[in-house]
Amino acid sequence: MNLLGNGLHALLQNPHLLDKLRADPDALPNAVEELLRFDSPVDITAWRYATEAVQVGDVTISSGDPVLISLCAANRDPAAFAGPDRVDVNRQPTKHLAFGFGTHYCLGAPLARLQGEVAFAAVLPRFHDMGFSTDPEELRWRSGLLRRGLEHLPVSFRPTSTDGSCPVVAAERLPTSGVYE
Ligand code: HEM
């Protein structure tokens, strides 16, 4: 859910990281954590209601007040992450809140992490010279409070393959039915 789009968007803005992760695929699991932190696919959680009065900074939340929490804001909190607006795939962003926290922590987090690792591990070695194929300033983010993701992410690339063949041509040659092995 937006992890691949947001993550690729962040990598395209920091193209040296594309080469770094190609050269060191073992760094991908940690990089996925950092991408989840940097541009979190879920922004606002479900409504919460304060069960008692609580002070947050200079705001008092009274008992019973409804609260909307921005995970994106929490994940850029400079008190929690040094240089939060920088993508640093070497950082250990273990305390990010991209999957929420506590009782309602995301049930699909292991699957989502695995999907991110598998997708980037498949794409990065096969598609080189990746870049925005449109002005990045013109990219539009979806409206709505819950999810954070782009409407479209047009990308240019040069297909390559580990065995020297072109993966795009290879895909076109696949039969349209039958058993894939
Ligand atoms: C990158 C992908 C994903 C992200 C960023 C994400 C994020 C989240 C977040 C932030 C919450 C907590 C919301 C809250 O506290 O109000 C949540 C809950 C949940 N997620 Fe995910 N999620 C992802 C993928 C998935 C997948 C793949 C599944 C299922 C296969 C899944 C199933 C759930 C369920 C069932 C809950 C509710 C848990 C509860 O309320 O006890 N999520 N997710």
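These legends accompany a set of close-up views of a predicted model of a protein chain with a ligand.

View 1. Let's start with the overall layout before zooming in. The protein chain holds six helices and six strands. Followed along the sequence, these elements come in the order α-α-α-β-β-β-β-α-α-β-β-α. The chain has 181 residues, and 18% of them count as buried. Among contacts in the protein chain with a separation of 6 or more, 67% join residues 24 or more positions apart.

**View 2. The shell around the ligand.** The ligand has 16 residues around it, and the closest are Thr45, Gly100, Cys106, Gly108 and Ala112. What does this shell look like by class? Twelve of its residues are nonpolar and four are polar, while no charged residues take part.

**View 3. Helix α2 crossing helix α5.** Two packed helices are described by the angle between their axes and the distance between the axes. For α2 (residues 16–23) and α5 (residues 109–126), the angle is about 105 degrees and the axes lie 9 Å apart. Angles of 65 to 115 degrees count as roughly perpendicular, so α2 is roughly perpendicular to α5. On the α2 side, the contact is made by Leu18, Leu21 and Arg22. On the α5 side, Phe120, Leu124 and Pro125 make the contact. By class, this contact of α2 with α5 has five nonpolar residues, one charged residue and no polar ones.

**View 4. The largest nonpolar core.** In soluble globular proteins, nonpolar side chains tend to be buried together. In this model, the largest nonpolar core has 18 residues, and Leu21 and Leu35 have the most contacts inside it. Helices α1 (3–13), α2, α3 (28–38) and α5 each supply at least two residues of this core. Which helix gives the most to this core? That is α3, with five residues. Leu21 also belongs to the α2 side of the contact with α5.

View 5. In α1, the buried residues are Leu3, Asn6, Gly7, Leu8, His9 and Leu11. The elements covering the buried residues of α1 include α2, α3 and α5. In α3, Ala31, Val32, Glu34, Leu35, Leu36, Arg37 and Phe38 are buried. These buried residues of α3 pack against α1, α2 and α5. Which residues does leucine 35 contact, leaving aside its neighbours within four places in sequence? They are Leu3, Asn6, Gly7 and Ala10.

**View 6. Histidine 96 in its loop.** Histidine 96 sits in the loop between α4 and α5. Is histidine 96 buried or exposed? Its 10 Å surroundings hold 22 C-beta neighbours, so histidine 96 counts as buried; the cut-off for a buried residue is 20 or more. Not counting residues up to four places away in sequence, histidine 96 touches Glu33, Leu36, Arg37 and Asn75. From histidine 96 to arginine 76, the distance is 9.0 Å, C-alpha to C-alpha, although they are 20 residues apart in sequence.

**View 7. Tyrosine 49 in strand β1.** Strand β1 (residues 48–49) includes tyrosine 49. Because it has 10 C-beta neighbours inside 10 Å, tyrosine 49 counts as exposed. Beyond residues up to four places away in sequence, tyrosine 49 touches Gly64, Asp65, Pro66 and Val67.

**View 8. Alanine 74 in helix α4.** Alanine 74 lies in helix α4 (residues 71–74). With 19 C-beta neighbours inside 10 Å, alanine 74 counts as partly exposed. Serine 40 is 34 residues away from alanine 74 in sequence, and their C-alpha atoms are 9.9 Å apart in space.

**View 9. Aspartate 129 and its backbone angle.** Aspartate 129 is placed in strand β5 (residues 127–132). Most residues other than glycine have a negative phi, and most peptide bonds are trans. In aspartate 129, phi is near 50 degrees, a positive value in a residue other than glycine. Aspartate 129 counts as exposed because it has 11 C-beta neighbours inside 10 Å.

Terms used: Residues are numbered from 1 along each chain as its sequence is written. This is a predicted model: local features need pLDDT of at least 70, side-chain atom pairs count only at pLDDT 80 or more; totals for chains, interfaces and linings use all residues. A residue is near a molecule or strand if its C-beta atom, placed from the backbone, lies within 6 Å of it. Ala, Val, Leu, Ile, Met, Phe, Trp, Tyr, Cys and Pro count as nonpolar, Asp, Glu, Lys and Arg as charged, and the others, Gly among them, as polar. Axes are lines fitted to C-alpha atoms, for helices over the stretch in contact, and angles run from 0 to 180 degrees between N-to-C directions. Helices (H or I, at least four residues) and strands (E, at least two) are DSSP runs, numbered from the N terminus. Angles under 35 degrees count as roughly parallel, over 145 as roughly antiparallel, 65 to 115 as roughly perpendicular and the rest as oblique. Two residues are in contact if their C-beta atoms, placed from the backbone, lie within 7 Å. A residue is buried if 20 or more other C-beta atoms lie within 10 Å of its own, exposed if 12 or fewer, and partly exposed in between; C-beta atoms are placed from the backbone. A nonpolar core is a set of buried Ala, Val, Leu, Ile, Met, Phe, Trp, Tyr and Cys residues joined through C-beta atoms within 7 Å.
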